[in-house]
Amino acid sequence: MSVYVPPGGFTVSASDPLSDPLARERAHLAASRAALRAMREDVEALDIKDVTANWVNSLVLGRQIEERIKALADLADTPLFFGRLDYLRTAQEGQRFYIGRRHVHDADGEPMVIDWRAPVSQPFYRASRKDPQDVGLRRRFGYTGGELTAYEDEHLSDPGEEERTSRLLQAEIERPRVGPMRDIVATIQPEQDEIVRSGLSGTVCVQGGPGTGKTAVGLHRVAYLLYAHRERLARTGTLVIGPNRSFLHYIEQVLPALGELEVQQATVDDLVAHVEVRGTDAAATAVVKGDARMAEVLRRAVRSHVSMPKEPLMVVRGSRRWRVPAYELEEMVRELLDRDIRYGAAREALPQRIAHAVLVRMEEAGEAPDDRVQNAVARNTAVKAVVNACWPAVDPAKLVLRLLSDADFLAEQADGLLDEEEQKLLLWEKPARGVRSARWSAADAVLIDEAKDLVERTQSLGHVVLDEAQDLSPMQYRAVGRRCTTGSATVLGDLAQGTTPWATESWAQALAHLGKPEAVVEELTAGFRVPREVIAYASRLLPHMSPGLAPVESVRENPGSLDVRRTEPGALDAEVVAACREALEHEGSIGLIAADARIAPLAEALAAAGLASLSPGEETTAASRLTLVPASLAKGLEYDYVVLDEPAAVVDGEPDERTGLRRLYVALTRAVSGLTVVHAAELPEQLGAV
Ligand SMILES: Nc1ncnc2c1ncn2[C@@H]1O[C@H](COP(=O)(O)OP(=O)(O)OP(=O)(O)O)[C@@H](O)[C@H]1O
């Protein structure tokens, strides 16, 4: 491998720029930028007056053009290309491709930069000395701001060249973090690329320890799928689901930076927000509410509204009366029940069935009724009365309210499914009076969503990415699953980071609840975030909370730093503030992570010391780099330097020890460059001696 990094910046020789390979690459960059500008100007110059028949068309087209212009923007601080492939002989004989975030072509339509997602770019990520994939040269570029400053070559087919890890890749992994999450297109690793480029039809589940790139891979997979199946996904939609707002805020820039502006983002709570959530459940109650058996309880509860007609139906039209006997009505109701279609769809079908029976009688009597007559009969008051009596409308929220308030109704629906104790846990102490005044919990909202789906089918999207998936309850998996029944999903998570009382213990179970039991489970084991020493320390907890899971292998060469400091109880806050001050001497973002109960006193201590701090989700800037993070919100986030306050308090903040240790594991694995642990109480024994 050859590396070219000019000493002390650049002076490009004006006399003979072409003799300097870097100057040649910079010339290609300048030409590509000019070509992109021309592409943008072409779109800006489009005159749509003559092609749009009316103002609606012109509005739609105008918007599309605006988006195209946005997508063609040349971002000043991101390079237009980050790699180059020179093919050897086969299909692309002697061809050279520059790989970048988007496609750029010159005035003749010749490609100057190829989209990283195009098939011809794939060997940039996958080719190796063992399998060169016809690549003679792979070149990676280094940038400072938008300026090309270095390159690194691999001659994959040259047996004389020895294998080395890429310095540019190492530099990218070890760069200080400030601000929101960035894309990793320039350095996607082969095992990550396999997941990113896996097909749209299959669901993929990725198990990986902290910092193995699960979130990054999930986001890049969406970008890839949008490229490969643009039209289909534009119709059906794509959605990224994350654990909370601050997490979504942290990742929200990644897809737009890759030119993808149309992907929705939500938490599971957002998806099921049919009622205002103002209440909380005790853990034991939430566990029952989140149990998959509740789906059957709800199904029964919805169907319990159906009753068999006892009276015949009499329809009067003009001077004639038509009679449908009760047994025939009952057959129709039973048939609809057996077909197991959505409750609402059956309710809509029933009047048509009844009308059809009336029409048959009319025909037998010599009349010749048409469709209009059938529709009129279906709307007849007598028919409506039968439908309302036998198959009444069901309001999902009212139904759940009744289940949680009415012990007899619950007992009937839960018979043989939930025992008495579980039923008791479900019932509200004070029954709610109405849907609006009820103190709904997050788990109740999921139940309402399930009931709603029993009444009316939830619309499915084309692809859903579910991050931090280990924390969902079976009922939450079902809620996500019905949003991708006709689409596929990317499920990302780490069983060792499950911190809810209902956290899943196996991906097979989770995928079954999601309705995707056939999904492939892939594992990522290389860690791109946490330094070796720090991950080794955190991994001591694994055998105590998630036995069987392998520790992450850090690929970071930078040894990082782990500093564990003991102090007196009275001096804890001051020691923590001092550790933050020290961390601030470094470049990059700082996270002070503490048990939720410790956040208020620490905020005060920081303020008293004159240190400004942000909340998670607020953007770190060069001026304000310290974030005070409650342990419950730390999941998925990362900071250059982390100060961890009182680990024992983090463990004690959870209802049981295993959850406490997992919460601590999450907190210990947020650091990119260094971790300082400050404690006054004994450290949890599972961490052992430093
Ligand atoms: N191939 C890569 N090249 C450069 N950086 C990478 C690569 N893969 C991952 N990273 C970086 O490593 C960090 C961790 O990635 P990410 O947040 O996706 O991990 P995760 O597995 O989701 O972690 P957690 O389990 O803690 O949520 C991020 O800063 C990400 O940009």
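Visitor: What makes Thr215 count as buried?
Guide: A residue is buried if 20 or more other C-beta atoms, placed from the backbone, lie within 10 Å of its own, exposed if 12 or fewer, and partly exposed in between. Thr215 has 24 C-beta neighbours inside 10 Å, so it counts as buried. This is a predicted model, in which local features need pLDDT of at least 70, side-chain atom pairs count only at pLDDT 80 or more, and totals for chains, interfaces and linings use all residues. Residues are numbered from 1 along each chain as its sequence is written.

Visitor: Which residues is Thr215 in contact with, leaving aside its neighbours within four places in sequence?
Guide: They are Ile251, Asp467, Leu492 and Gly636. Contact requires C-beta atoms, placed from the backbone, within 7 Å of each other. Thr215 itself lies in helix α6, where helices (H or I, at least four residues) and strands (E, at least two) are DSSP runs numbered from the N terminus.

Visitor: Why does Gly208 count as buried?
Guide: Gly208 has 23 C-beta neighbours inside 10 Å, and therefore counts as buried. Gly208 is part of strand β8, residues 204–208. Beyond four places in sequence, its contacts are Lys214, Asp494, Glu523 and Leu524.

Visitor: What does UniProt list for "binding site"?
Guide: The unreviewed entry lists Gly208, Gly209, Pro210, Gly211, Thr212, Gly213, Lys214 and Thr215. UniProt positions follow the numbering used here, feature names are shortened, and annotations may be inferred rather than shown by experiment. The unreviewed entry also places "domain: UvrD-like helicase ATP-binding" at residues 187–540. In the model, that stretch is 51% helix and 11% strand, with its end C-alpha atoms 30 Å apart.

Visitor: Which residues come nearest to the ligand?
Guide: Of the 21 residues around the ligand, the nearest are Thr187, Gly213, Lys214, Thr215 and Phe528. Two or more residues of the shell come from each of α4 (167–174) and α6 (214–228). Helix α6 gives the most, with three residues. To be near, a residue must have its C-beta atom, placed from the backbone, within 6 Å of the molecule or strand.

Visitor: Why does α2 lie largely in the open?
Guide: The number of buried residues among its 17 is zero, so α2 lies largely in the open.

Visitor: How do you know that the span of helix α2 agrees with its 17 residues?
Guide: The expected span is 1.5 Å times one less than the number of residues. For α2, residues 55–71, this gives 24 Å, and the end C-alpha atoms are 24 Å apart, which agrees.

Visitor: What makes Leu350 count as buried?
Guide: Leu350 has 22 C-beta neighbours inside 10 Å, so it counts as buried. Leu350 sits in helix α14, residues 343–364. Its contacts beyond four places in sequence are Met332, Leu336, Val387 and Trp391.

Terms used: Two residues are in contact if their C-beta atoms, placed from the backbone, lie within 7 Å.
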